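Have a look at it first.

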Amino acid sequence: MSSTVQPWMTPRIPAALAQGSPPGGLPTAATVAHGAQGVSALQPSLTLLLATLTIPVGTTPVGVAAAPNGNLYVINFGSANVSVINSATNTVIATVPTGNSPSSVAVAPNGNVYVANQSSANVTVINSTTNTVITTVPTGTNPFAVAVAPNGNVYVTNVASANVTVINSTTNTVITTVPTGAGPDAVAVAPNGNVYVTNQGSNSVTVINSATNTVIATVPVGASPQSVAVAPNGNVYVGNTNANSVTVINSGTNTVITTVPVGANPFKVAVAPNGNVYVANFASANVTVINSATNTVIATVPTGNIPIAVAVAPTGNVFVANAGSATVSVINSATNTVTDTVPVGTDPEALTVAPSGNVYVTNTGSNTVSVILLAPTVTSISPAQGPATGGTVVTITGTNLSGATVTFNGNAATNLFYNAAGTQIIATTPAGVPGPATVVVTTSVGTATQPGAFTYVAAPTTSGITPTQGPVAGGTFVTITGTDLTGATVTLCGRPASNVIVNPAGTQITAITPPGTPGTCPVVVTTPSGASTVPGGFTYLAVPVLTCIAPGQGPAAGGTVVTITGTGLTGATVTFNGVPATAVSVNPAGTQITATTPPGSPGTAVVTVTTPGGTATLACCFTYQAVVTPHATSLTATPALIQLFPLQLHFPFLTATLTDTVTGLPVPGQVITFSTGGHFLGTAITDANGTASLVEILSLPLIILNGGYDATFAGTPTLQPSTAHAPFLAL
């Protein structure tokens, strides 16, 4: 990410010119903000501050805190009220009355704002949604500092009564009052829930268990402990103003680990995300940097006159308010060098970093709040890719994003929405060219650029599907070809395919079809960048249905031509007892198959028809017949008796007798054909004696001409054919 400076904005003072001589005395308690002792952050950044603006507030603003909704609450010690600033518009949206001499402020997790009123011995509770007073809670004498534990309990130090008032932030009632050392001043809460209270009058720290609200330890420290902060590793750092040192306490054992020498009159302490501890030394005009892992001084950074407050941004920048020089020094926590010095109002007293990333500084001498505006930062974009046609709704996360414009490769995003804290933008991407895009977020004070933060993906194309058909039951393994298919899902008639796998090149998809209904379905491939319909689609085939086979029998040797009728028979193969039939053909309507039976075993055969749509069987309707060796036969023809003068048949019958030579029995019921010289004379059926008789008187000349007549038996599957010739006899 990069940041650019708008040249027309408020100029910055070079760090080398912002230094001054140390002051000679301590500020009074009435002008010191004790609300924020330490700020945790997420990640160091090199973000540059670019401009400031000034907001008028009440009299003697000595403290400020940010609510989760982005509102800033400025306590005005002299006018006994709180100015509420909207961080999106940087305008005062409400002025809320408090008790007398409000001295510190803190915000509970539920959004309630707690203001300690030093002169009226109470705490004003403000609802941050309505910016109205919920209640006023009585405390001890001279309530001075306030902090909130993770469990929601609010801890208020009472300087004059040497105790801490514990308030339940849900009911806003006092839970208990815990005794402390003399002059309890600052308060901070460790990650384990222990509450640490610095006692200026007794040079000690009281440790309170926030679960039981009882004192679990009193730890001796240096002279005039006036500030406290907790590092991410759980170490507690106590600034001893009159001892020029910092006491390091182990929050697990509540014992002193070491004492670190610092500059003159350490007044405030804060911890950066990287664990560095920053101690503002107002009498020596510098900041001591302590490594919280080794508890050794790793740098001393010069600042302006009277560095009186310090805060750390989530980005890792450290901001130091210099009361004597009316400036804020900005320290880079990675390099521990001053990167900027920003002029603010008179007597800057306290400062905090809003969720938006902007820094708010209370100026007690000019009754104003200076807002240090920072360039926008971008930490993430989600989703990070979308179609080249645009239209992807993205969420951009960062800081100082209120009112920003957004471009993708120079093209403006649309439908911009901002959260109240200025940490998030929702935008719709414009159309772009496939490939990485540079995302630029621009506000009135600067620009954040993220090259390649969003990738435009080409819309998918599809060229075909193989196979193009399958059963309605689904389960067909198909391959779809095309381009830009990465991240695809597949539907057939709106039903999702399963086991979708895309090859690394994004040119091929394999998938398994879902169940469907007979007919052609559109196949749609959808990726984050669009959708494509596969040409031709996919055809669901009905399961075949069989109704009849004819003939219903044939020889075991095969060769019977059969006709099978039914529906859904297109593309069929046929088997008889698992043996494929031959010469299979299907009519165009898919309702009739002709096929030739293969050889088989005598008995009923299972006829199976298989199509791309499934399988159907007929288990009862075709029978293979056993092969029978036909019996030999003999045929005996009786000579024709002819009377020559006058010419006539003496016996007007042509007769032939058929005999089964295997059994020796006559064969009745068979057709015998009579002919002479190739001329058909007629047929007759054998009787019970195996004899067939044909009455024939008209063909006498032919019989005489051909020397007699012939009798023929054509044969049957069980009887062999036979023939006989009978001469004529003249009388």
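Which residue in β51 is the bridge partner of leucine 492? That would be valine 523.

## Ground rules

This is a predicted model, where local features need pLDDT of at least 70, side-chain atom pairs count only at pLDDT 80 or more, and totals for chains, interfaces and linings use all residues. Residues are numbered from 1 along each chain as its sequence is written, and side-chain values use heavy atoms, with hydrogens and water left out.

## The sheet around that pair

Leucine 492 belongs to strand β46 (residues 489-492), which runs antiparallel to β51 (residues 523-527) and is joined to it by four bridges. Strands count as paired if DSSP finds at least two bridges between them.

The two sit in an open, antiparallel sheet of four strands, ordered β47-β46-β51-β52. At the edges, β47 (495-496) and β52 (530-533) each have a single partner strand, so one side of each is left without a neighbour in the sheet.

## The whole chain

Overall, the protein has one helix and 73 strands (DSSP runs: H or I of at least four residues for helices, E of at least two for strands, numbered from the N terminus). Its radius of gyration, taken over C-alpha atoms, is 53 Å, well over the 27 Å that the globule rule gives for 731 residues, so the protein is more spread out than a compact globule. That rule is 2.2 Å times the number of residues to the power 0.38. Along its principal axes, the C-alpha trace spans about 180 × 55 × 45 Å.

Of the 731 residues, 52% count as buried, meaning under 20% relative accessible area (1.4 Å probe, protein chains only).

Definitions and conventions:
Buried < 20%, exposed > 50% of the residue type's maximum accessible area, 1.4 Å probe, protein only.
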